[in-house]
Amino acid sequence: MQKPNKEEQLIAEINALPEGKNFKKIAEKVIADERITDEEGILLFDKASLGLTAILANYIREKKHGDKTFFNRNFHIEPTNVCVFSCKFCSYSRLYAHRDEGWALSKEQMMDIVKSYDGIPVTEVHIVGGVHPKMNLDFFCDFISQIKQHRPQLHVKGFTAVELDYMFRKAKLSVKEGMKKLHDAGLQSMPGGGAEIFDPEIRKQICEDKVDAEGWLKIHEEAHLLGMHTNATMLYGHIENYGHRIDHMSRLRNLQDKTNGFNTFIPLKFRNKNNDMSNVPESSIIEDMKMYAVARIYMDNFPHLKAYWPMLGRQNAQLSLSFGVDDIDGTIDDSTKIYSMAGSEEQSPKMSTDELVMLISQAGRKAVERDTLYNEVVQF
Ligand code: V47
Ligand code: SF4
């Protein structure tokens, strides 16, 4: 008998599930590379079993990337944890009035961190932190220029739209002018933080004083127009519902149709330690894996889906590779404090390349070191 092809196999697997017949149309769309609707996205969250979402997401993941699982060699610099904003879920920041309890690095201190990686084959520096009123656009442009002078090949990825919105407003520059200035100084791409949940009602309850959805999307759009690539995150598993998650992903999918500038979507699991939302329970591992799977099915125009292992934990990140994820971030070192402070089991998020490769191959996937723009550096 002839072996079924992947598409026939997918349909057979879906049909074998008790709820399979209700999802035949979605399965056919997935096979035909057709986009699912918002209603279908909500249906998947609400009514599909974890197994069904896994089968669909894994089909898409393997069609896009086969078994390849990407990671990069990077290090983080967190210039400050002093922040003018007061997001309720944040365990990391200290208000300016309590700045003596926090830290704020000088350019020299940050350059010392950069120099400590001399001779080590990292490809990216990821700069992200709080919003300190005294660290302005000129300060960061100067710092980025110094990095590029010292190590021109190191890719500089930095600043959430929240940090940039504040810097541009303080400098009295438009988003376009501010982005151009940073780009000219050597900023090459942007991480995806600060997006949280775009819905205004939820945003008001968890992070009311920082940039809104329109502002966040505008900054990423301007970066894309300059030829920069950026990521997008979504903070899930707190007070939002499935409709809010789909609304968030829909706004990102629409901007991606326009600019094609996003590389990666990164769902971030809400962690509830040491913050003003500690009363909100954390999502289950089932919910986390479903989140990844539905994201992979819904975000058809995003090339990559990332599980950020320092937040999720390494074993759960390994598991996510069967739920649509093709990227598990990098060999970051323990300077990353955001998640250890919010209660992640990864108190010291440092993993060597050997450990990352082992983690990926244990899950039956093929580890590929990438650079920031997903050019392949080494296949393992
Ligand atoms: O925007 C803060 C999140 C984000 C908590 O683009 C929390 O490659 C969970 O965006 N529980 C910043 N999450 C980090 C970020 C990021 C990280 C890694 C890679 C990339 C990338 C981007 O951290 C914030 C917020 O959504 N966060 N507190 C918390 N308690
Ligand atoms: Fe500040 Fe970011 Fe924390 Fe919000 S999440 S308080 S913007 S550091």
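Predicted model: local features only at pLDDT ≥ 70, side-chain atom pairs only at ≥ 80, totals over all residues.
How many of the 13 residues are buried? Ten are, so helix 10 is largely enclosed by the rest of the structure. The buried residues are A213, G215, W216, L217, I219, H220, E221, E222, A223 and H224. After helix 10 comes G227, which has a positive phi, near 90 degrees.

I turn next to a pair of helices. Two packed helices are described by the angle between their axes and by the distance between those axes. For helix 4, residues 50-65, and helix 12, residues 285-298, the angle is about 45 degrees and the axes are 8 Å apart. Helix 4 is therefore oblique to helix 12. The crossing of helix 4 past helix 12 is left-handed.

Let us now consider ligand 2. Which residues are around this ligand? They are C83, F85, C87, F89, C90, Y92, S93, G130, V162 and K210.

Finally, I draw your attention to F265, which lies in strand 9, residues 262-269. Is F265 buried or exposed? Its relative accessibility is 1%, and because buried means under 20%, F265 counts as buried. In sequence, F265 and V325 are 60 residues apart, while in space their C-alpha atoms are 9.7 Å apart.

Technical notes:
Residues numbered from 1 in each chain as written. Chains lettered and ligands numbered in written order. Heavy atoms only, no water. Buried < 20%, exposed > 50% of the residue type's maximum accessible area, 1.4 Å probe, protein only. Helix = DSSP H or I, 4+ residues; strand = E, 2+ residues; numbered from the N terminus. Near = heavy atom within 4 Å. Axes fitted to C-alpha atoms, helices over the stretch in contact; angles between N-to-C directions. Parallel < 35°, antiparallel > 145°, perpendicular 65-115°, else oblique. Left-handed = near helix turned anticlockwise from the far one by under 90°.
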